[in-house]
Amino acid sequence: MKKNGILNSEISKVLSEMGHTDSIVIADCGLPIPEEVKRIDLALKQGTPSFLEVLEALEADMEIEKVTLAEEIQDFNSELEDVLKNKFTEKEYVSHEEFKELTHKAKAVIRTGEATPYANIILHSGVIF
């Protein structure tokens, strides 16, 4: 049995297969997920698990080089955006439509139970050396 880190076998597998610049998405419960991208659905009920719970688990298990956010988060979910501004120095903002297009390139989309607007992030893998 795994002793530390993420226990979810699907997330753990995706992270172990990622290389530099590969990406993984953490999504709220409303973001459309492309058919061709692996869907890891953690949503249990509205709000559970939260976006931040999932993000914190991935942060502890993954080297994150930069993140991509929908620019709309600044106007429609400024509280979450403030938290993310403090967590990450390398941030890129794109339109929500462009964000949805970028999800097609992700290794996986993790669907949370988050039910606040634009609570979505693309994590771009860094290197540990």
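Biologist: What makes up the accessible surface of the protein, and how much of it belongs to carbon and sulfur atoms?
Modeller: In this predicted model, the accessible surface comes to about 7,300 Å². Carbon and sulfur atoms account for 47% of that area.

Biologist: Why is Gln74 called partly exposed?
Modeller: Its relative accessibility is 38%. Buried means under 20% and exposed means over 50%, so a residue in between is partly exposed. Gln74 therefore counts as partly exposed.

Biologist: Where does Gln74 sit, and what makes a residue its contact?
Modeller: Gln74 belongs to helix α3, residues 73-76. A contact needs heavy atoms within 4.5 Å. Leaving aside neighbours within four places in sequence, Gln74 is in contact with Glu81 and Tyr93.

Biologist: How do you know whether the radius of gyration agrees with a compact globule?
Modeller: For 129 residues, a compact globule would have a radius near 14 Å. The protein has 14 Å, so the value agrees. Its C-alpha atoms fill a box of roughly 40 × 35 × 30 Å along the principal axes, and buried residues make up 42% of the 129.

Biologist: What is the order of the elements from the N terminus on?
Modeller: The order is α-β-β-α-β-α-α-β-α-β-β, which comes to 5 helices and 6 strands. Among contacts between residues at least 6 apart in sequence, 85% join residues at least 24 apart.

Key: Residues are numbered from 1 along each chain as its sequence is written. This is a predicted model: local features need pLDDT of at least 70, side-chain atom pairs count only at pLDDT 80 or more; totals for chains, interfaces and linings use all residues. Side-chain values use heavy atoms; hydrogens and water are left out. Helices (H or I, at least four residues) and strands (E, at least two) are DSSP runs, numbered from the N terminus. The radius of gyration is taken over C-alpha atoms; the globule rule is 2.2 Å times the number of residues to the power 0.38. Buried means under 20% relative accessible area, exposed over 50%, partly exposed in between (1.4 Å probe, protein chains only). Accessible areas come from the Shrake-Rupley method with a 1.4 Å probe; for residues, only the protein chains shown count as cover.
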